[in-house]
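Let's walk through this structure together, starting with how two of its parts meet and ending with a pair of individual residues. Have your viewer ready.

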Amino acid sequence: MTTKQFGAPVQRTEDVRLLKGNGRYLDDLGQDALAAAFVRSPHAHARIVDIDVTDALEVEGLVAIYTHEDLPGRVGEPLPLLIPHPAIVAGRTGYALAKDRVNHVGEPIVMVVASDRYVAEDVCGRITVTYEVLPPVVGVETARDAKHLVHEDVAGNVAGHLVQEVGDAPAAVDSAPHTLELDLKVERSACIPMEGRGVYARWDADDESLRIYTSTQTTTGVRAAVATKLDLPLNRVECIAPDVGGGFGVKIMHPWPEEVLVPWAARLLDREIKWTEDRREHFVSSAHERGQVQKVRVGFDDEGRVLGLDVKIWHDNGAYVPYGLIVPIITSTQLLGPYKPGAYKVEFWSLYTNTVIVTPYRGAGRPQGVYAMERTMDAIADYLGKDRVAVREANFIQPDEMPYDHHMIFQDGRPLIYDSGDFPGSMDKLKALVGWQDFEDYREQARAEGRRVGIGVACYVEGTGVGPYEGGHVVVESTGKVVVSTGLTSQGQGHETVFAQIVADELGVPLEDIKVTTGDTRKMGYSVGTFASRAAVMSGNAIGIAARNVRTKALRIAGEALEVDPGDLEIVDGIVRVKGSPTSSMPLGTVAVLSNPLRYAFDTASQAATQFVVGDPDKPPVAEDDEPGLEDRDFYSPAQSTYANGMHAVIVETDPETAEIKILRYCVVHDCGNIINPMIVEGQIHGGVAQGVGGALYERMEYDENGQLLNASFMDFLMPYVTEVPDRIEIDHLETPSPLNPLGIKGAGEAGVIPSAAVFASAIEDAEGFTITSMPISPSELYALRQRFAAGEIPALRGRSATASTATTPTPVTEATTR
């Protein structure tokens with residue numbers, strides 16, 4: 001009997017291949033291809049005065065050198081602004097190769113093609129670029145002051161400006177019994193996938209077609225962009241994502257300059273060309289995220305209920321805005337979390353700086369929004385001397401208020417309406433999981449031992465499954481095997497497993513008989529991509545619908561062959577059989593054979609489908625409303641996003657001497673609707689928490705005033721090792737199914753990282769007894785805050801004991817000593 005797969009903790013089917021070293025990543029391909037390399041700007045802001053390639057021309061193995069002057073037509077035009085929005089005041093995008101000025105360190109200026117990468121890099125080293133250095137704009141505060149401009153024609157460095165409001169929030173704040181103001185900051189960070197970006201292209205001159213392999217999160221997006229830039233018909237371009245060693249958002253950005261230039265040069269030279277990003281290139285020429293400055297004004301009553309919330313956000317979007325304003329829009333809307341303020345106004349300015357572009361990174365603006373809201377909740381609790389959880393509970397949207405309309409517009413252009421959730425229920429689970437009520441006893445015990453501990457809590461709501469659509473193609477072959485295709489790409493999410501689980505249940509076939517392919521435009525030409533925790537919601541439902549249609553067709557065909565009503569049939573272990581009479585049956589593969597009327601027989605099985613064996617001679621072999629084959633292609637397009645949610649709690653210990661921050665416990669309660677595979681969902685949470693630890697305590701992109709990235713290597717950029725990540729993450733689930741899709745699911749991919757800055761700030765603040773307003777925080781920064789607190793520059797928390805006041809004088813440490 002086929003075991004139900006949906007909801008089962010099935011081991012990932014793709015892992016065997018990957019763990020045995022049989023993965024095929026971008027750099028595994030094109031071993032005989034020419035190699036590309038790039039001369040990149042060493043300056044954050046400069047005019048290009050001259051490019052001299054004279055010394056490079058005699059290098060053996062050199063094939064071509066290109067500058068912007070060599071780029072024809074659309075290839076030489078600015079790269080696209082992918083997501084237009086009415087709030088974009090002055091949208092600017094870069095060129096594939098810088099035209100006359102550079103706006104950040106790492107911007108590409110010259111492309112070199114050579115026999116191999118070593119030669120290409122040698123050639124790059126011989127090319128001389130003369131610059132006129134201009135004053136750089138680095139950091140939100142500098143951009144906001146606008147003493148200097150990143151783009152001469154963009155006033156105030158403002159790329160975008162948006163206001164959304166419900167009610168009169170400023171008046172509600174002013175008239176509230178209590179008011180607070182908070183000035184908050186989140187520093188810039190970035191994702192660090194194991195595999196950087198890369199692209200490999202080959203041109204077929206005989207049929208004028210282009211095939212691109214690229215490490216991307218959207219093959220259809222890259223395909224369309226390259227076809228447009230190269231003036232090629234879309235059907236003459238194929239794009240395939242091989243195994244992708246991590247995406248995290250940086251690879252949803254497209255087309256990168258290299259994704260245009262490598263295919264263009266491959267066509268021009270009629271040679272295969274490949275480029276793979278090195279680690280320094282990833283730091284200085286890919287995308288960053290997170291950097292924001294926030295000002296919050298909140299008015300509330302004696303119970304901590306928020307009566308008015310007025311938020312201003314200044315967002316650092318880097319030198320260009322190719323991905324539009326998605327990140328600050330998400331921040332401004334997802335900031336609300338599980339709460340219902342009486343009135344809400346949010347205003348943001350997205351600002352140009354002479355730094356690497358900012359595009360979504362796992363969480364995509366939500367960590368900043370959650371940080372603002374959860375810092376506010378903690379501040380209210382401290383001001384009133386109330387339990388931090390109690391203040392949150394006083395503001396929760398209740399289950400009977402679902403669906404809940406916030407009367408705002410989300411990033412997908414649709415209303416911000418929560419579809420389902422039980423926030424009080426989730427908080428009850430979290431309190432029980434972490435032992436919230438018993439923590440003060442633990443704190444006293446730790447204090448008696450000379451230890452300083454704190455507990456933090458943070459809540460979030462995550463818009464997932466954004467549209468516009470995804471598709472699924474399900475084919476049953478004559479062997480009974482099932483082939484499934486969907487257009488979005490995979491970067492480690494377990495798509496091959498979860499999509500197979502959906503199909504296994506719909507078609508009643510063993511999991512091992514199902515093969516899933518993703519990210520190949522040859523098999524699914526219409527798709528959007530993998531981002532925003534949307535894969536399971538979008539492709540999962542599309543595949544489920546297609547599989548259900550295949551099942552209906554299979555039962556109809558089998559019913560005709562077995563001369564029984566299709567309603568009396570079932571499919572078990574790949575066998576279509578009569579319910580209660582399993583001996584009256586046929587394999588699903590045989591049904592697939594019968595679904596395709598044949599003139600020619602190629603084997604014993606196909607003889608059963610030839611014209612003299614099957615079919616009514618008085619009817620067409622294929623009915624007008626039917627088509628050959630046991631297969632279906634369908635699409636799922638939702639009216640709006642689904643909204644997952646969760647709550648995290650962390651217990652930390654801060655060393656009185658070194659200010660080192662140690663994680664003692666990390667607890668998560670998560671609600672992503674019906675769970676397809678709890679093992680994979682928990683794996684996603686684990687990975688997100690690990691990235692969240694890095695983002696809260698270690699990782700930041702450190703620019704100096706000249707726009708130079710000071711830590712653009714693994715020697716200087718701190719990432720958490722396994723020793724810094726909690727060895728056990730305690731997880732509980734609450735499932736409130738989404739009413740918006742057939743499977744009742746919501747996304748889960750970004751859940752683990754979203755509340756990290758907020759929950760660690762809450763816990764460290766609780767341990768130290770003074771307010772934390774900027775993240776990430778290192779031991780040396782915590783040490784400096786302790787000094788300021790001891791000097792009276794930072795006030796003690798009002799509602800909780802100021803344990804830091806009893807601390808011994810700490811010894812300064814550097815970040816390097818926190819390992």
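Buried area here is the accessible area, taken with a 1.4 Å probe, that two parts lose on being put together, summed over both. What you see is a predicted model, in which local features need pLDDT of at least 70 and side-chain atom pairs count only at pLDDT 80 or more, while totals for chains, interfaces and linings use all residues. Residues are numbered from 1 along each chain as its sequence is written, and side-chain values use heavy atoms, with hydrogens and water left out.

The chain splits into domain 1 (33-134 + 191-285), domain 2 (372-463 + 640-814) and domain 3 (468-636); such bounds come from an automatic or database domain assignment. Let's look at how domain 1 meets domain 3. Their C-alpha centres are 41 Å apart, and each of the two domains brings 16 residues to the contact, where contact means heavy atoms within 4.5 Å. Between them, domain 1 and domain 3 bury about 1,100 Å², with 48% of it on carbon and sulfur atoms. On the side of domain 1, Q217, T220 and I240 lose the most area to domain 3, together 38% of what that side buries.

What holds for polar pairs across this boundary? There are 7 residue pairs in polar contact, both residues at pLDDT 80 or more. A polar contact is a pair of N or O atoms within 3.5 Å; within protein, one must be able to donate a hydrogen and the other to accept it, and residues adjacent in sequence count only if both atoms are side-chain atoms. Helices (H or I, at least four residues) and strands (E, at least two) are DSSP runs, numbered from the N terminus.

Now for single residues. H495 is found in helix α13 (residues 495-507). It counts as buried because its relative accessibility is 3%; buried means under 20% relative accessible area, exposed over 50%, and partly exposed in between (1.4 Å probe, protein chains only). A polar atom of the H495 side chain lies 3.5 Å from the backbone oxygen of T489. Leaving aside residues up to four places away in sequence, H495 touches residues including E14, V516 and A535.

D603, by comparison, sits in the loop between α15 (588-594) and α16 (604-607). At 42% relative accessibility, D603 counts as partly exposed.
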